[in-house]
Amino acid sequence: MNTPAIRATGLRKTFRAGDGSTVVAVDDVDLTIAAGEIVAFLGPNGAGKTTTVDMLLGLTRPDAGTVEVYGVEPGAAVRAGRVSAVMQTGGLLPDFTVEETVRAIAATHGRSDRVAAVIERAALSEIADRRVQACSGGEQQRLKFALALVPDPDLVILDEPTAGMDVATRQHFWDTMRADAAQGRTIVFATHYLAEADEFAERTVLIARGRIVADGPTADVRASFGGRTVSFRPPDDVVRPDGLDPAWLARVEQALTPLGVTGVEVSSASLEAAFLALTGDASLADPAPTTPELTGATR
Amino acid sequence: MTATTTAPTRTRGPRPALGTYVALDLRRQVRDRVGMFFIVALPSFMYVVFGLGSDDRVGSGNVAMYVMTSMATYAAVTATTTVAGTATVEQTMGWGRQLALTPLRPLTIVGMKAAVAMAVAAVAVTLVFAVGAVTGASGAASDWVLSALVIWIGSAMFAIYGLAICLVFRGPNTPGIASGLIVVMAFLGNLFTPMDGLMLDIGRLTPMYGFAALAHYPQTDGWLPLGDHDPLWLPVANVLAWTVIFSLLALWGVRRSRART
């Protein structure tokens, strides 16, 4: 299949804040996702993940740029049942039962034949008669997942899908997703859990302050940023309860400067390091090294 | 495990089963016993208080029938507004965003909610008329049927009103605002107290006036309790104009509720 699952170019969205100023939530985002990919959309809270997801689903109209889902506008793809989503802020009706919720959404898709299948798939059989308001956060999340499976979509977009799930449920959820992906379903999930991106995504798109700051195979993203960190243990007498002795740190920087080392910081060699370096406030970290290293990541 | 295949040529899904959705939503509504009591039983009680035993002639029937028609109108409007008001709760819960990911168009969603509201309205009107029938309201049988039909069909307009108010003024108090406004509109609509003069002229422009006048038309041929007369075009124009206004407001509200704020 040559048509990409998602092709977004130049996406931009601004919101008006309460005090009348405008906030740029998403700024010039280009994103192409091929059919069958598993992509993590990783960024801190407020980075613009949910706004981007909304535009990919046609729920929010971008101020600029275009979105195509399987070659058509998102609304048409949704109506055709080719794309569905588990939304972070998408809701459930508390006085429906679990099964009624699934039946209601199945009816809107004209797919009442799928009710039993998705209830079983999302492991909801035991609580099918329970009112939604009596369900735990993780159970409600599974119900939303069941609703997303109703149209048997080719592309599933998951916004913080495992929020509220315990460890075992989360594991089961991702096992299910992997089985789906193996059958050719395209999966895009937004998360701020680094471990989830690390473990489940083939490709990671890092977003911060509305911009894509890195995009590449998850292993590359991790290696190119985490692998270059040199760490060492400071002597005990400079370690204070509130951090390192600033005078000592200044001497370390002074000593390292002739060697060409800049931007000394405390971090661990992991994807987390890359995450923090790329998404941190520009005024706190030296932004200069990140730009050349970006190229390394996408290579 | 269900078979999953990608179908590149898929452009249209199967037809939505709207009836199934409406039935599920209606069942959910009727399970709310307290809410149903106020929608269905309160107007019947008001008829008993205001209309019982008034046997003077009005048009083709008696005063009791006139009051019964007024209260059935009020009941139908309360029913449709209240049911549509649950749309607020649904929006607060984000159900609108869930529905936005289905093949349903905004207009279809409005229509389905109106259908649920009208089913409840039918129960409310039937009950008030039944109470009237056994307590001395009398008039030509054809006028009863015609009035009931006008009330029932016309209450669709207030399902749209309830949706519009609740979608436009989103918040926990909105259903209360919608119901409160209904009481005001019912007075201005000549439902509770007979009006004449300037108040009547003002009332003729308000949303419930045309609907109430049409509900009474089979019995009164447009003659009002205090001697004024409405030509048929006046209530018809009122109903049409306000239906268009409410519909536009509701559509705007549905669109707006889909965007995350």
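Which residue takes a positive phi in the hairpin of S1(A) and S2(A)? Gly20(A) does, with phi near 95 degrees, and the hairpin has five residues between its strands.

## Basis of the model

This is a predicted model, in which local features need pLDDT of at least 70, side-chain atom pairs count only at pLDDT 80 or more, and totals for chains, interfaces and linings use all residues. Residues are numbered from 1 along each chain as its sequence is written, chains are lettered from A and ligands numbered from 1 in the order in which they are written, and side-chain values use heavy atoms, with hydrogens and water left out.

## Domains of chain A

Chain A is split into domain 1 (6-225) and domain 2 (236-278). Their centres, taken over C-alpha atoms, are 37 Å apart. The bounds come from an automatic or database domain assignment.

Helices (H or I, at least four residues) and strands (E, at least two) are DSSP runs, numbered from the N terminus. Two strands pair if DSSP finds at least two bridges between them.

S1(A) covers residues 6-16 and S2(A) residues 22-33; they are antiparallel, with eight bridges. S1(A) also pairs with S4(A), residues 64-69, in the antiparallel sense over five bridges. Arg7(A) has a bridge partner in each neighbour: Thr32(A) in S2(A) and Glu68(A) in S4(A).

## Strand S8 of chain A

S8(A) spans residues 203-208, and six of its six residues are buried, so the strand is largely enclosed by the rest of the structure. Buried means under 20% relative accessible area, exposed over 50%, and partly exposed in between (1.4 Å probe, protein chains only). In a regular strand the side chains alternate between the two faces of the sheet. Here Arg203(A), Val205(A) and Ile207(A) point one way, while Thr204(A), Leu206(A) and Ala208(A) point the other way.

S8(A) has a parallel partner in S3(A), residues 38-42, with four bridges. Val39(A) is bridged to Arg203(A) there. S9(A), residues 211-217, pairs with S8(A) in the antiparallel sense over six bridges. One of the pairs is Leu206(A) with Ala214(A). S8(A) and S9(A) form a hairpin with two residues between them. Arg209(A), in the turn, has a positive phi of about 45 degrees.

## Loop residues and a helix end in chain A

Ala123(A) is not a glycine, yet its phi is positive, at about 55 degrees. Its loop runs between helix H4 (115-121) and helix H5 (137-149) of chain A. Ala123(A) is partly exposed, with a relative accessible area of 35%.

Asp152(A) also has a positive phi, near 50 degrees. Asp152(A) sits in the loop between H5 and strand S6 (155-159) of chain A. Is Asp152(A) buried or exposed? Asp152(A) is buried, at 11% relative accessible area.

Thr279(A) belongs to helix H10 (residues 271-279) of chain A. Thr279(A) is buried, with a relative accessible area of 12%. Thr279(A) and Val213(A) are 66 residues apart in sequence, but their C-alpha atoms are 7.8 Å apart.

## Helical spans of chain B

An unreviewed UniProt entry lists "transmembrane region" for residues 34-53, 65-89, 110-132, 144-169, 176-195 and 232-254 of chain B. UniProt positions follow the numbering used here, feature names are shortened, and annotations may be inferred rather than shown by experiment. Residues 34-53 are 90% helix and 0% strand, with end C-alpha atoms 29 Å apart. Residues 232-254 are 96% helix and 0% strand, with end C-alpha atoms 33 Å apart.

Met93(B) lies in the loop between helix H3 (63-92) and helix H4 (95-100) of chain B. Met93(B) is partly exposed, at 35% relative accessibility. Val83(B) is ten residues from Met93(B) in sequence and 16 Å away, C-alpha to C-alpha.

## Cavities

A cavity is a set of points, on a 1 Å grid over the protein atoms alone, where a 1.4 Å probe fits but cannot get out; lining residues have an atom within 4 Å of a point. Grid points are joined across faces, edges and corners, and a volume is the space filled by probe spheres set on the points. There are five cavities of 30 Å³ or more.

The second largest cavity has a volume of about 100 Å³. Its lining has 13 residues, with Tyr66(B), Ala212(B), Ala213(B), His216(B) and Leu224(B) nearest its centre. Helix H10 (residues 207-220) of chain B gives the largest share of this lining, six residues. By class, the lining has seven nonpolar, five polar and one charged residues. Ala, Val, Leu, Ile, Met, Phe, Trp, Tyr, Cys and Pro count as nonpolar, Asp, Glu, Lys and Arg as charged, and the others, Gly among them, as polar.

Notes:
On a 1 Å grid over the protein atoms alone, a cavity is a set of points where a 1.4 Å probe fits but cannot get out, and a pocket is an open set with protein on both sides within 12 Å along at least five of seven lines; lining residues have an atom within 4 Å of a point.
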